[in-house]
Amino acid sequence: MELQVAKQAVRTASKLAHTVAQHHISSISKSDQSPVTVADFGAQAVIISALKQAFPGDPVVGEEDAAALRADDTLANKVWALVKEAAPHDKNLSERTNLFAAIDAGNYAGSAKGRQWALDPIDGTKGFLRGGQYAVCLALIVDSRVELGVIGCPNLGPRGGLFSAVRGKGAFWEPLFEESTPEKISFRHIESTKDATFCESVESGHSALDTQLKIAQSLGISNPPVQMDSQAKYCSLAKGDADIYLRLPVRMDYEEKIWDHAAGNILITEAGGVVTDMNGNLLDFGKGRTLKDNKGVIAAAKSIHSDVLKAVQKALL
Ligand SMILES: Nc1ncnc2c1ncn2[C@@H]1O[C@H](COP(=O)(O)OS(=O)(=O)O)[C@@H](OP(=O)(O)O)[C@H]1O
Ligand SMILES: [Mg+2]
Ligand SMILES: [Mg+2]
Ligand SMILES: [Mg+2]
């Protein structure tokens, strides 16, 4: 039930974003200087509305809020038109006033106990703006642990990708905009770290790419890294296109957001990988809206994760 609802909602939101991407996209700048677009707001509205219909009692930790729309009627009308086109029969979104409430329902502060959804309506908004990779990411967290994750990647591969994982059930790929049987995916088998390929951030402000280069060298890696925005990085590892994703903090005061990692986290573990922080601890999704207790992210195949962790710790001594 949860999986079907999450997949349908991510498909609808991905279609909305993909439609916006066919035209010139403008963005507004949030208080942290990061960009947000009409597609981020629209995708958050349709996903939260679908969740509230199926699971009215479940809280949602979503990235966006409706403040900018409440203050700008033209912007609100644009988002409303997208939402009506993407989800014309949604009863929770029958009037424009419902739009703000749906988006603002993502304001949950997070908790260590019980169910909560983590939603990144568009992850990699910068990638979205440059026509690169971006991802619609939704995860169900129960008692601080991710139980289900769904990621829509409109630009990953010729048919896009809908990635999904449920704890204990494996990781799957299917084309994003067609109905077809999901295919099981997994990490590729590699014997040694020297054969590995990194998948890394595009933004040097999001991850210490210079340090990562040194770590790659210390692991004997000569393959050039693959750079892409968003949780499409986790998807690439899970389907065996790359082997290591490092996200090493550039600023020690930055706390990673749970919606930037939750769906990718279970996709990795269900595809045969391991995710820890740079101290080797599992990510704790029960500390609020951020991963307060973790610094850095290391995702890799089970067979090489401990070697990668050692190399990271040596490089940061
Ligand atoms: N300083 C800093 N450090 C780490 N992460 C940050 C930082 N600033 C922003 N963000 C978050 O990065 C999210 C995008 O990450 P990506 O992996 O797509 O970025 S990139 O590959 O580095 O370009 C991006 O998510 P979206 O806003 O959903 O695009 C942000 O939540
Ligand atoms: Mg994000
Ligand atoms: Mg986002
Ligand atoms: Mg953002």
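The domain assignment of the protein chain gives domain 1 (2-185) and domain 2 (193-315), with bounds taken from an automatic or database domain assignment. The model is predicted: local features need pLDDT of at least 70, side-chain atom pairs count only at pLDDT 80 or more, and totals for chains, interfaces and linings use all residues. Residues are numbered from 1 along each chain as its sequence is written, while chains are lettered from A and ligands numbered from 1 in the order in which they are written.

The centres of domain 1 and domain 2, taken over C-alpha atoms, are 23 Å apart. Domain 1 brings 39 residues to the contact and domain 2 brings 28; two residues are in contact if their C-beta atoms, placed from the backbone, lie within 7 Å. On the domain 1 side, β3 (60-62), β4, α6, β5 (135-142), β6 (145-153), β7 (161-166) and β8 (171-174) each supply at least two residues. The largest share, seven residues, comes from β6. This side divides into 22 nonpolar, 11 polar and six charged residues. Here Ala, Val, Leu, Ile, Met, Phe, Trp, Tyr, Cys and Pro count as nonpolar, Asp, Glu, Lys and Arg as charged, and the others, Gly among them, as polar.

Ligand 1 is surrounded by 21 residues, each with its C-beta atom, placed from the backbone, within 6 Å of the ligand. The closest are Gly124, Ser201, Glu203, His206 and Asp229. β4 (115-123) and α6 (125-129) are the elements that give two or more residues to this shell. α6 gives the most, three residues. Three shell residues are nonpolar, nine polar and nine charged. Both domains give residues to the shell, so ligand 1 lies between them.

The protein chain holds 10 helices and 14 strands; these are DSSP runs, numbered from the N terminus (helices H or I, at least four residues; strands E, at least two). The C-alpha trace spans about 55 × 40 × 40 Å along its principal axes. Of the 317 residues, 49% count as buried, that is, with 20 or more other C-beta atoms, placed from the backbone, within 10 Å of their own. Among contacts with a separation of 6 or more, 70% join residues 24 or more positions apart.

Helix α1 (residues 2-21) has 20 residues. From first C-alpha to last, α1 reaches 28 Å, close to the 28 Å expected (1.5 Å times one less than its number of residues). Buried residues of α1 include Ala6, Ala9, Val10, Ala13, Leu16, Ala17 and Val20. Lys7, Arg11 and Lys15 are also buried.

Key: Buried ≥ 20, exposed ≤ 12 C-beta atoms within 10 Å, placed from the backbone.
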